Amino acid sequence: MTKVKDIGEQSLLEKLQRFCPAEITGDDAAVLETAPGKSLVVTTDVLVDGVHFSNLTTSPEDAGWRAAAANLSDLAAMGASPLGITVGLGLPGELRVSWVERLYEGMTECLQKYNTPIVGGDVVRSPVTTLAITAFGQVNPNQIIRRSAAVVGDAIVVTGFHGASHAGLQLLLHPELGQNLKDAERAALIHAHQRPQPRLDVLPILQKILNSQSKIQNLKSKIPVAGMDSSDGLADAIIQICRASSVGAVLERRQIPIPKIFNHWLPPEQALQYALYGGEDFELVLCLPQELASALVQHLGEGAAIVGKITAGSTVLLYDEQKKFPDQVLSLSQGFQHFKS
């Protein structure tokens, strides 16, 4: 009898997607048509004690912040602005009430930055602390960002540095790794892990650039933008976009935005692994025409970068122009996957 752990997360998702309308699945959130000119965006994340957070690395406030940020990031990945969230809690009876209150304080602190209320939820008994959040957002139908919209020739933009969250987690788990870091550097990396920032701020900038270009070119149709967030790692995001769009990609190693702290702390190969596969940076990965990509990077400033381009085929290739390192074919096998042995 086949078990979940035998097929892994991605194969399980493929099986479950058969039970959903084909036009809804495959992105960071579902889009449901509601009133004329508006679409409702819905996304759900489940976090489990010991898998997504633990007392070793995360205070209740930080767990709450991260849970809220993860859902807001999924909305940002779809081009949507948040409307509200519901919270489902599975709690052991022995858990302190103060822990739950502190969890909500962290969630609220994050949500208030984006004027997003908690509008409902449920509480049940559970042997393991579990947090399930459903977030609701709103987007104009012609501004939806989908993974399947990348086309050959598009530039690939990342909105910020990658690898800092994973580095912060490693420092929390293994404090001895940061012996040659300054206190401020250590604190900055840990903060990146405990308090990630969903990139909702990118959306108005992106739309301003797209609207400006549409007026200049007198375009009647929207300029397609493909994208998702990098919560499961930069490599994962690019591969998922390429799969959904039936394209490939070529990435330039030297263009990947890695925190400057890494330069005097980590060997180059380890720094690259953190950036590509560490995950939980909650940046956006967007594919759009080269000219618009350059304008977006210029507006976003430090950390934002064009890391490569979309190509024909299906391979996602990382290369170094100086040929100091061999070419790499990126795959999902190196990143985090639930049920992975």
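These are my notebook entries on what I looked up in this predicted model.

**Ground rules**

I number residues from 1 along each chain as its sequence is written, and I work with side-chain values on heavy atoms, with hydrogens and water left out. Since the model is predicted, local features need pLDDT of at least 70 and side-chain atom pairs count only at pLDDT 80 or more, while totals for chains, interfaces and linings use all residues.

**Entry 1: the whole chain**

I started with the overall make-up and found nine helices and twelve strands in the protein chain. For the record, helices (H or I, at least four residues) and strands (E, at least two) are DSSP runs, numbered from the N terminus.

Next I looked up burial: 49% of the 341 residues are buried. Buried means under 20% relative accessible area, exposed means over 50%, and partly exposed is in between (1.4 Å probe, protein chains only).

The accessible surface of the chain comes to about 16,700 Å², and carbon and sulfur atoms hold 54% of that. Those areas come from the Shrake-Rupley method with a 1.4 Å probe; for residues, only the protein chains shown count as cover.

Then contacts, meaning heavy atoms within 4.5 Å. Of the contacts with a separation of 6 or more, 83% are between residues 24 or more positions apart.

**Entry 2: strands E2 to E5**

I went through the pairings here; two strands pair if DSSP finds at least two bridges between them. Strand E2 (residues 39-48) runs antiparallel to strand E5 (residues 130-139), with ten bridges. One of the spots I clicked on was Val46, whose bridge partner in E5 is Ala132.

E3 is also antiparallel to E5, over nine bridges. Strand E3 (residues 81-91) pairs with E4 too, in the parallel sense and over seven bridges. Gly90 shows both sides: it stands opposite Thr130 in E5, and its bridge partner in E4 is Val124.

How many of the eight residues of strand E4 (residues 118-125) are buried? The count is zero, so the strand is hardly covered.

I picked Val119, which is in E4. Val119 is exposed, because its relative accessible area is 54%. Leaving out residues up to four places away in sequence, Val119 touches Gly84, Ile85 and Thr86. I also checked Val119 against Val87: they are 32 residues apart in sequence, and 8.3 Å apart in space, C-alpha to C-alpha.

Which order do the strands of the open sheet take? I read E7-E9-E6-E10-E8-E11-E12, seven strands with mixed pairing. The edges are strand E7 (226-229) and strand E12 (328-329), each pairing on one side only.

H7 packs on this sheet, touching strand E6 (155-158), E7, E8, strand E9 (284-288), E10 and E11, and its direction makes about 145 degrees with that of E7. Axes are lines fitted to C-alpha atoms, for helices over the stretch in contact, and angles run from 0 to 180 degrees between N-to-C directions.

E8 has both kinds of neighbour: strand E10 (residues 305-311) runs antiparallel to E8 with four bridges, and strand E11 (residues 316-319) runs parallel to E8, also with four bridges. Ala249 has Ile310 as its bridge partner in E10 and stands opposite Val316 in E11. Val250 stands opposite Lys309 in E10.

In helix H7 (residues 234-245) I looked up Gln240. Buried or exposed? Gln240 is buried, because its relative accessible area is 12%. Neighbours within four places in sequence aside, Gln240 is in contact with Gln10, Arg147, Met228 and Leu332.

**Entry 3: aromatic rings**

Rings of Phe, Tyr and Trp (its six-membered ring) pair if their centres lie within 6.5 Å; planes under 30 degrees apart count as stacked, over 60 as edge-to-face and the rest as tilted. I get two aromatic pairs by this rule.

Phe262 and Trp265 have ring centres 6.0 Å apart and planes at 55 degrees, so this pair is tilted. Phe262 and Tyr274 have centres 6.0 Å apart and planes at 80 degrees, so this one is edge-to-face. The second pair links distant parts of the chain, twelve residues apart: Phe262 is in the loop between strand E8 (248-252) and helix H8 (268-277), and Tyr274 is in helix H8.

Together, the ring pairs link Phe262, Trp265 and Tyr274 into a cluster. Phe262 is buried at a relative accessible area of 1%, Trp265 is buried at 11%, and Tyr274 is buried as well.
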